[in-house]
Amino acid sequence: MARLPPLAALLVLCALGAFRARAAGAGGNPSAVLLPVSKDDATLEYVTDFRQRTPLVPVTAVLDLAGATLWVDCEAGYASSTYRGVPCGSKPCRLAGTAACATTCAGAPSPSCLNDTCGGFPENTATRVSTGGNIITDALALPTTFRPAPGPLAVAPAFLFTCGATFLTKGLAAGATGMVSLSRARFALPTQLAATFRFSRRFALCLPPSGAAGVVVFGDAPYAFQPGVDLSKSLIYTPLLVNPVSTAGVSTKGDKSDEYFVGVTGIKVNGRAVPLNSTLLAIDKKGVGGTKLSTVAPYTVLESSIHRAVVDAFAAETDMIPRAKPVAPFKLCYDGSKVGSTRVGPAVPTIELVMQSEAASWVVFGANSMVATKGGALCLGVVDSGAAPRTSVVIGGHMMEDNLLEFDLAASRLGFSSSLLFRQTTCNNFRLG
């Protein structure tokens, strides 16, 4: 789906007024709502839970910085008294940018079998499998506080999403029945929740490592962490870029990408610039190249020549550390028992993703650059994507863990904190309410 220009975005927010919410147990709209986040050890995906339908039932889904809408499996026992199909040709259907329409369905009425219903194309971005499905609305409930316990719930009574099929959940974390889209798309959670609850069109993402808790915060909330750390005014910002060509599995000619791209202009290892083909870091007219962020890529993925240059530079800066045999999918590994430890992870050289200027570098420390393997090896957590990938640099989940990232859609900018470990806190220590 195409990204809207600022004026059109405002018009969409107005048009979404039909999806305004009631806040359960409160007298007005909440200033923020959130999703709890955990990491699935088997798939390395980031999983969240929310409540949906009438009566409300818990739903588990995988977080995704791509995708057009929230999608859930509507074939496996979806029961609700409040779901409604989005009619073909209606304003929400037109805003969804789809020409698909389910005119008739011969089966018993259900969310996945409706007449005159707008059609979408839910995609499992982890497996790159797409299908067709009805676009419908139903109740969605999200908590308004995070610690010490989630709640109370804010309820959007007619939240738009797409019905997926059971086979589409293959490859997702155990128990997950869909994917939560955090993309720029007009019916992804950030824009739709902003219209529903009338708060700012932005969200903050704090991904946890295994065994810890993280959070996605939508709206206007302080970024407060124990012990007494407030990051609301201390983020570094860089523009969010628009890829002119859609990266979705199903799209229409002329659609722009709904994913989040940033302008990485260089990479440093231990403060030294890595020699790179800088043209690979730019997005060309065909939508090839550049740097994006992905929560479904477990590790950072680099085009072959960039990967080789980064690995060689890192190896040169760590030639005093005994090596270990490479552990797939990594190429450079060390004897973990010979690597020192610091507050920000293994004692290894920093990696810097240089944005527009030296002052806007995202500094990556050992906790986010190194991956511990079961055999005791400690590996540089970057993966070779081949010689001609669609995107040259994909910043994966591991590199984002215990970093606070603010996606400000209204200002089209990304704010980042670098490692929270430097401040003696983690995503697990986020507090709201």
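**Burial and strand pairing**

Me: Which residue follows α3, and what is its phi?
Reply: Arg 198 follows α3, and its phi is positive, near 60°. This is a predicted model, in which local features need pLDDT of at least 70 and side-chain atom pairs count only at pLDDT 80 or more, while totals for chains, interfaces and linings use all residues. Residues are numbered from 1 along each chain as its sequence is written, and side-chain values use heavy atoms, with hydrogens and water left out.

Me: What makes helix α3 largely enclosed by the rest of the structure?
Reply: Of the 9 residues in α3 (residues 189–197; a helix is a DSSP run of H or I with at least four residues), 9 are buried, so the helix is largely enclosed. Among them are Leu 189, Gln 192 and Phe 197.

Me: Why is Ser 369 called buried?
Reply: Buried means under 20% relative accessible area (exposed is over 50%, partly exposed in between; 1.4 Å probe, protein chains only); Ser 369 has 1%, so the term applies. Ser 369 lies in helix α5 and touches, by heavy atoms within 4.5 Å, residues including Val 348, Cys 379 and His 398, with those up to four places away in sequence not counted.

Me: How do you know that β2 pairs with β15?
Reply: Pairing requires that DSSP find at least two bridges between two strands, each strand being an E run of at least two residues; β2 and β15 are joined by 6 bridges and run antiparallel, with Leu 35 partnered by Val 216.

Me: What makes β2 and β3 a pair as well?
Reply: They are joined by 3 bridges and run antiparallel, and Val 37 has Thr 48 as its bridge partner in β3. They form a hairpin with 6 residues between them, where Leu 44 in the turn has a positive phi of about 65°.
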